[in-house]
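Thanks for coming, everyone. Please take a moment with the sequence and the model before I go on.

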Amino acid sequence: MVVCFLPVSIRIEGKAIVLIGGGKVALHKAVHLSRYTPAAKVIAPEFEPGFASVPFEQIRKPYEPADLDGAFLVYICTGDRALNAAVKAECERRGILASVCDDPASCDFISPAIHREGNVTIAVSSDAKDVRRSIRIRDRIKTLAEEGLIQLQ
């Protein structure tokens, strides 16, 4: 099966977004997500210290299926493959879009390498096949904008 992702922009205003996990990967996702919304909920038994700078509600507890009630998008970042699979299965059962960090084949959506200036967002994706390449290309676009060689505003 070939995994291919459609690049879209999704309106998240007023939508419930849940992150399951409090480690480094979840923190990375939370920091990037916080550039687009101040409202999300993070559920984990423990949190990386950096979560203190993220504006999201933090709930210190183990995951349970009721944590998905009302969710629109879910980021699954526990580091426990069996738990990730269980959360993903519950999301599928409920019709909730989910991103299983570090497992693109299980994802309904992925996060591209993003550069944002004002209301312009540049997103570079490799369908999760070469993330470092996507980041290099994004960084090159950012440099070109900073040097005035391309105008994003």
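I will begin with the second largest pocket, which holds about 190 Å³ of space, where volume is the space filled by probe spheres set on grid points joined across faces, edges and corners. Of the 14 residues that line this second largest pocket, the closest to its centre are R81, N84, V100, C101 and D103. A pocket, on a 1 Å grid over the protein atoms alone, is an open set of points where a 1.4 Å probe fits, with protein on both sides within 12 Å along at least five of seven lines, and lining residues have an atom within 4 Å of a point.

Please keep in mind that this is a predicted model, in which local features need pLDDT of at least 70 and side-chain atom pairs count only at pLDDT 80 or more, while totals for chains, interfaces and linings use all residues. Residues are numbered from 1 along each chain as its sequence is written, and side-chain values use heavy atoms, with hydrogens and water left out.

Finally, the cysteines: C77 is buried at a relative accessible area of 7%, and C101 is buried at 9%, where buried means under 20% (1.4 Å probe, protein chains only).

How values were computed:
Buried means under 20% relative accessible area, exposed over 50%, partly exposed in between (1.4 Å probe, protein chains only).
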